[in-house]
Amino acid sequence: MPELKCTVQTCVHNKQYYCDLDHIQVGGEHAKWADETCCDSFEERTGDTYSNVTGQASANSSIRCEATECRYNQSCKCHAGKISVEGGDACQCRETECATFCC
């Protein structure tokens, strides 16, 4: 499983730069650049809401990836050693990206 670091602080699943989901979905089926990818698992945090997921946030997550042109994509699974999901003040999943994407 890749090590996942997430800077999308506006996501309900983000807990101190880690994700509380066991697996995430990266979108971008026709992506040629990182900004054409996104974290489809993103859910906007509103107010003081936090995820209802009871699991602990972890550095490791299973990553299903639709960005078939990425060198780390093997059979729609990410095989990079580490990935970074970025998106600053994202309000929607399309405002996030897999910064590790490499065509």
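Lys 32 is partly exposed, with a relative accessible area of 42%, where buried means under 20%, exposed over 50% and partly exposed in between, computed with a 1.4 Å probe on protein chains only. The model is predicted, so that local features need pLDDT of at least 70 and side-chain atom pairs count only at pLDDT 80 or more, whereas totals for chains, interfaces and linings use all residues. Residues are numbered from 1 along each chain as its sequence is written, and side-chain values use heavy atoms, with hydrogens and water left out.

The side chain of Lys 32 meets that of Glu 69 in a salt bridge with an N to O distance of 3.8 Å, the term requiring a side-chain nitrogen of Lys or Arg within 4 Å of a carboxyl oxygen of Asp or Glu. This pair links distant parts of the chain, 37 residues apart, with Lys 32 in the loop between strands E4 (23-27) and E5 (38-39) and Glu 69 in the loop between E6 (62-65) and E7; strands (E, at least two residues) are DSSP runs numbered from the N terminus. Glu 69 is likewise partly exposed, at 36%.

The whole structure holds 2 salt bridges, and Lys 15 forms one with Asp 20, the closest N and O atoms being 3.3 Å apart. Lys 15 is partly exposed at 27% relative accessibility, whereas Asp 20 is buried at 2%.

Asn 73, in strand E7 (residues 73-74), is buried, with a relative accessible area of 14%. A polar atom of the Asn 73 side chain lies 3.1 Å from the backbone oxygen of Ala 67.

Definitions and conventions:
Helices (H or I, at least four residues) and strands (E, at least two) are DSSP runs, numbered from the N terminus. A polar contact is a pair of N or O atoms within 3.5 Å; within protein, one must be able to donate a hydrogen and the other to accept it, and residues adjacent in sequence count only if both atoms are side-chain atoms.
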